[in-house]
Amino acid sequence: MSDDNKDTAGRPGPRERVIGTPSPAREKALLAEDDISAPAGVGDQLDEASAKRAERIVATLFLVAFAASVAFIAYFIGWSGRDGGMHGVSRARESNLWLGGLMALSFLALAFGVTIWVRRLMTSKPIVQERHELAADEETRAAFTEDFLEGADDSGITKRPLLRRTLLLAAAPLGLAPLVLLRDLGPLPEKRLRHTYWGEAVKKAQAEGKKGARLVVDGTNKPLRVSDFSSPGSMITVLPEGIEEELPEDQVLTQNAKAVTILINIPADQFKPAKGRENWHVNGIVAYSKVCTHVGCPAALYEQTTHHILCPCHQSTFDATDAAKVIFGPAARSLPQLPLSVEDGYLIATSDYHEPVGPSFWERG
Amino acid sequence: MSEATAPKAVEAPLTFLDDRLGSTTFFKRNMKKVFPDHWSFMLGEIALYSFIILLLTGTFLTLWFQPSMTETVYNGSYTKLQGVKMSEAYASTLHITFDVRGGLLMRQIHHWAAILFMASILAHMLRVFFTGAYRKPRELNWLIGIGMFTLGMLEGLFGYSLPDDLLSGTGLRITQGVAESIPVVGTYIYMFLFGGEFPGQDIVPRLYMLHILLIPGLLLGMVTAHMMIMWVQKHTAMPVKNQSEQQVYGYPFYPVFMAKTGAYFLFTFGVLALLGAFAQINPIWLFGPYDPGAISSGSQPDWYMGVLEGALRIMPNWEVSAWGHTVSFNVLIPALVPLGIVFGGAAAWPFVEQWVTGDKRHHHVNERPRNAPVRTATGIAAVTFYGLLWVAGANDVIADKFHVSLFATTWFFRVAFFLGPIVAFIVTKRICLGLQRKDADVIGHGVEAGVIMMSPDGKFSERHEAPREEERHVLLSKENTRPEAPARDAKGIPAPGTKGPIGHLRSRLNRAWTFDDIPVEEHPHGEQAEIEGGATSHEVRH
Ligand code: FES
């Protein structure tokens, strides 16, 4: 920070002037005048009576700030700490009000005090300063260029291209190294996004000689019977059986995030099964992925009367009666459907989703 | 004066420093640095002080926050969630809220400060734009400002993702979806960001590092650079009396500006404490831990993400699949284009303006918005563009409050997205020109004095008087545009800079910039007498 701020107020001597700029209009009395719109009260002379008054007001405000700070500390130690500290919502709220309120009072009283001080008690006059040309003059620039070229010459970098080029060559891979080092941030995508835990659950069930994997209710983890879900118009969230119990703990949420599915009971007369999916439903009970095909929020709202599935994030709307086709909003694709069936009275999935769930991606196809 | 000695407590450390650093030269030079006065110059200061408060409160929060997604069972003092499985990040946030004294307050101040930080940067940038304060030599600071706002958006997004509550998890999910939509490398970016599939175990610790170290570090560097540049270049001044391109007029840094700015810091902290105490923000305990299958309706991101949200909402559902690949324009375009236009456009603007107007001079005195109608109109068009997208981010709320269908609001915003900025441009430009005309009138014919006079033949007229000195100065700060030299001189030789399609474009833009300029100038002779005599006054009809 090498600029020069000569204070020019009240100094009669000639001022420095940058070559090329017009002469500063000294005669036009740029210095403080009566009609300069200075904040009220600031000036050379203070009216001692009103200054005294202002001083008392400021001092009072400072005292208030002091009192508020002391009260803050007292409350912090005494009240919020009583009975062994804070406990729960009401204590947290109460302490928040007191601590925040006192803190605000302290800062604001100080702030008002300082402001009144500045406006009513400070006697500084407005002053004028020159703005200087920022660029260096021609001479300095020329001298710099000379030094620069001389240095380059001395170093030999201009005269020895072999040195220059091999140096560049040596530096290039160093620039790439940080990128390479980031490789282990995560696994490659591979086919990860194409499967959900439904596939694994179905495989496991079939290995045990069953037709498919049971649907369990999200939250309770109870397998779902057809008879439990018989009232038309209802919707619940289901997951593949075993997702909680059989996966290592750190994978439950991740698998859950892909496999989460909504189950809807649509009155048989309103249901239009899609071509090739005629037997994917059980008496109008259908299952769709709950992961919105837009950017992945849970498509969690269901309107019983219209059978619309609504995603609350950006209002994509899907028609549950018609293969969850998009009828409104920014999502481009239907929600993927899960093939359902019944086994021993329980609802089961007979395979994984036939397409990747969730938002689209480049390799999706 | 020279015999005065400072008190020992001041003198001793100053001497200590001076002996070792030669610092007195610096202090002497800068102590009385002049700062011009205007209320709008304080907007940047609010941003600076919010940033400091963010650093302070943020440090407090790190003392207890656990950036870990390892599952744990909550058994703290918030009874409603006792026994619930959640990540350590969420559990420790609950701990800060309910079991650390002042923890809730610090959390709320931190969040409010983030909101104020972004809001004041935006307000400051609007002030700088509309007064032309970004012009040479201040383009660098303008670019740094844009950089800070962009980084601030990221910082905010990462910050509210950390507590790992339901809302923040949903924000991350959207981040994942947007990352996935990027062609070719999208899934790689997704996997590398999350360390596997969403949500995985890595994202919170990673965002934590970015949120408390990398981005604040960058921001701090930019803040420092911003202020040093401002200090070296000196602050711009409003085009009022006593300010000129050569001189700056105002109060000295020490003591007036120092005290004022100190008070400002206290005000900022005080107001934020007030908000932290009385205005609840982000009550994460009500949302519950993140669960990929759940969502609370009506959840809104922080205001500065509203543009992205709005753009995502009103975008038509275009997606293309061909040759085994899918491109989701429905996500890609809203994520990149609107902010790209606003920030890219803002970054390029000072240079484009310079190129169009051919004005390579330094500017230290700001321009009144009306005196640069194209700039002001473009700015208002950009504000409209941004504002419409921002409001569109709440289209469900609007549909609900005003009882219109979501379908209608979405289509309204789709149309307004294109029309709004154009209308805003035209209207603003008209207003600017109207104001210029009025200024020209005041300078040319004086202001209506409110005195009605009767002439000997019985005509009533209102007396006009010359404007006050201060007002005259402000009005005459307008630089009337001079017509550019014609594209070809008499011999048919094209003027420099007008050759080729680029030169042609430049000439046309230059014309668009200047052609309807209304000169505001004093008439050299006669006018004054007329004003005094009231002869130019308008008739007053009965
Ligand atoms: S994520 Fe469902 S509409 Fe955007």
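What share of the contacts in chain B between residues at least 6 apart in sequence join residues at least 24 apart? I looked this up before anything else. The share is 76%. I note that the model is predicted.

**Chain B, overall.** I counted secondary structure next and found 19 helices and eight strands in chain B. For the extent, I took the principal axes; the C-alpha atoms of chain B fill a box of roughly 95 × 80 × 60 Å. Chain B has 542 residues, and 50% of them count as buried.

**Chain B, surface and charge.** I computed an accessible surface of about 25,400 Å² for chain B, with 68% of that surface belonging to carbon and sulfur atoms. I then compared charge positions: chain B has 44 positive and 46 negative charges, and their mean positions are 4 Å apart.

**Chain B, a hairpin.** I looked at strand β7 (residues 447–454) and strand β8 (residues 460–465) of chain B, which pair in the antiparallel sense over five bridges. At this pairing I found B:Met454 opposite B:Phe460 in β8(B). Five residues lie between the strands of the hairpin, and B:Gly458 takes a positive phi near 90° there.

**Chain A, annotated spans.** I checked the UniProt record, an unreviewed entry, which lists residues 57–77 and 97–118 of chain A under "transmembrane region". How much of residues 57–77 of chain A is helix, and how much strand? I read 100% helix and 0% strand, with the end C-alpha atoms 30 Å apart. For residues 97–118 of chain A I again noted 100% helix and 0% strand, and the end C-alpha atoms lie 31 Å apart.

Definitions and conventions:
Residues numbered from 1 in each chain as written. Chains lettered and ligands numbered in written order. Predicted model: local features only at pLDDT ≥ 70, side-chain atom pairs only at ≥ 80, totals over all residues. Heavy atoms only, no water. Helix = DSSP H or I, 4+ residues; strand = E, 2+ residues; numbered from the N terminus. Buried < 20%, exposed > 50% of the residue type's maximum accessible area, 1.4 Å probe, protein only. Contact = heavy atoms within 4.5 Å. Areas by Shrake-Rupley, 256 points an atom, 1.4 Å probe, with all protein chains shown as cover. Lys, Arg positive; Asp, Glu negative; His and termini not counted. Charge placed at Lys NZ, Arg CZ, Asp CG, Glu CD. UniProt positions renumbered as here; feature names shortened; annotations may be inferred. Pairing = 2+ DSSP bridges.
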